[in-house]
Amino acid sequence: MAAGSGATTDTGPAAGAGEEEGGHVKPFTPEKAKEIVMSLQQPAIFCNMVFDWPAQHWTAKHLSEVLHGKQIRFRMGMKSIDTVPQFETSCSYVEATIEEFLTWNYDHSTISGPFRDYDHSKFWAYADYKYFVSLFEDKTDIFQDVIWSDFGFPGRNGQESTLWIGSLGAHTPCHLDSYGCNLVFQVQGRKRWHLFPPEDTPFLYPTRIPYEESSVFSKVNVVHPDFKRFPQFQKAQRHVVSLSPGQVLFVPRHWWHYVESIDPVTVSINSWIELEEDHQARVEEAITRMLVCALKSAEDPHNTRAWLNPTEVEEISHEVNCRYLNGAVSALFDHYRTSKVVEIQELKANGEYMRKEELNVQNLMEVERIGSQNLTLGTVKQEAASPFGPDLIPVVPSSENPPSERGDIFENDDKDFVGKDGEHFGKLRCIKRQRKMSKSENAVEQIASNHPTAPSQTFISTDDVLDCLVNPQVTKIVAQLLIQGRSL
């Protein structure tokens with residue numbers, strides 16, 4: 001965990017300030033910004049880093065002119081209060097231009113056009129996950145309007161970015177991203193982020209249904225939770241922040257997040273930053289894909305829409321998934337053959353010979369341990385000189401309860417989130433039952449007696465089985481065993 005926000009950051013030239021633009025100085029050099037991104041273990045907001053980006057002027061109105069006549073897909077959701085998450089599989093979709101979206105969003109009496117079946121008072125619209133390379137396929141010069149190189153990633157621009165345009169209430173269900181960390185630039189309007197640390201994973205009730213590569217969803221609607229069904233969620237450490245135009249939010253690896261638009265129109269641009277851990281994560285994802293597709297296709301081969309996210313457009317046959325898994329494993333080994341983490345020439349340590357196979361296994365299984373040690377060193381360094389200050393604001397645990405009604409998003413939210421750093425509780429661990437399997441019959445009777453409302457018979461669904469088989473903790477172990485077997 002990074003140091004608290006009490007320390008301030010020197011933003012003057014002596015501190016290694018960034019480029020100047022019209023008299024303004026960026027508070028962090030690209031090198032310093034990257035150091036923060038690669039070491040910080042809590043969400044934080046960068047301020048005054050994008051004031052010279054041409055993309056700061058990308059309002060929905062401007063984009064409607066740039067993309068004049070181009071149809072894009074909008075996800076349509078209900079502005080209803082429900083304890084069940086509104087997954088993408090339960091939404092409907094509309095093909096429309098941004099101009100048509102703006103007309104519907106502002107002229108609520110519109111009864112024609114692609115949005116005619118959606119009462120604005122009951123629905124929200126969201127053009128999410130729009131990759132620049134597809135959206136601006138014939139206008140590639142526009143990629144240069146996004147300058148992620150300011151955060152220490154040379155050459156990174158709009159080509160590695162996605163665009164998000166939404167109306168009031170549009171939101172993304174709570175999930176974590178399997179790959180990388182995330183930088184999010186807020187262009188227009190505000191978005192409220194509800195974030196939870198990785199160690200809260202057991203309290204978020206993770207599921208892979210609907211299935212989407214690299215997205216682990218939560219069964220909990222975190223803004224309207226059902227505590228009777230998900231009692232452990234009360235233990236989760238909620239972090240809440242409203243992201244305003246001109247700010248960039250850093251979301252560390254494996255932080256859960258639920259994101260909602262709290263202004264009439266919002267525009268965001270994000271980029272997922274690749275990390276060393278992604279190589280094994282891709283093997284874990286390939287295992288997950290194989291199991292989910294095999295079991296769910298067998299259950300109902302003609303209704304993939306019920307469990308496969310609309311963003312998944314690739315073939316899901318077992319043959320294809322096997323190739324995908326083999327490709328992920330091969331890519332991982334190719335990476336480590338050329339990585340400094342595994343150096344074959346160091347087969348001898350302290351004069352004792354270590355087999356090449358043992359070295360490979362040890363290094364491959366210990367990558368995360370090595371990474372965690374580096375992160376610990378980074379934390380110690382931060383405690384000596386905290387990066388936080390007026391231009392880097394930590395997102396800290398919230399003492400507030402979630403909004404009791406969806407109508408709360410209409411309220412102004414200009415709170416200052418600078419405060420004492422929250423405490424985290426180390427590595428994620430399973431909650432173990434304090435009973436032996438040999439005493440299962442007595443245990444079941446005891447559980448039933450403690451829960452008078454429990455049904456006499458429990459139906460185990462395919463989804464229940466999958467929630468266990470493709471739990472992130474399980475797929476990590478399976479991936480490590482596959483890697484170990486291959487290397488031996």
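Biologist: Over residues 409–456, under what value does pLDDT stay, and how many contacts beyond four places in sequence does the model have for them?

Modeller: This is a predicted model, and pLDDT expresses the predictor's confidence in each residue. Over residues 409–456 pLDDT stays under 50, and the model has 59 contacts beyond four places in sequence for that stretch. Residues 1–17 also stay under 50, with 47 such contacts. For the protein chain, the average pLDDT is 81, and 73% of the residues score at least 70.

Biologist: Is Thr475 buried or exposed?

Modeller: A residue counts as buried under 20% relative accessible area. Thr475 has 3%, and is therefore buried. Thr475 lies in helix α11, residues 472–487. Beyond four places in sequence, its contacts are Glu284, Ile287, Thr288, Leu469 and Val470.

Biologist: Where is Ala44 found, and which residues does Ala44 touch beyond four places in sequence?

Modeller: Ala44 belongs to strand β3, residues 44–46. With a relative accessible area of 0%, Ala44 is buried. Ala44 touches Val248, Leu249 and Phe250, as well as Phe388, Leu392, Ile393, Pro394 and Val395. Ile393 is 349 residues from Ala44 along the chain, yet their C-alpha atoms are separated by 5.4 Å.

Key: Residues are numbered from 1 along each chain as its sequence is written. This is a predicted model: local features need pLDDT of at least 70, side-chain atom pairs count only at pLDDT 80 or more; totals for chains, interfaces and linings use all residues. Side-chain values use heavy atoms; hydrogens and water are left out. Helices (H or I, at least four residues) and strands (E, at least two) are DSSP runs, numbered from the N terminus. Buried means under 20% relative accessible area, exposed over 50%, partly exposed in between (1.4 Å probe, protein chains only). Contact means heavy atoms within 4.5 Å. pLDDT is the predictor's confidence in each residue, from 0 to 100.
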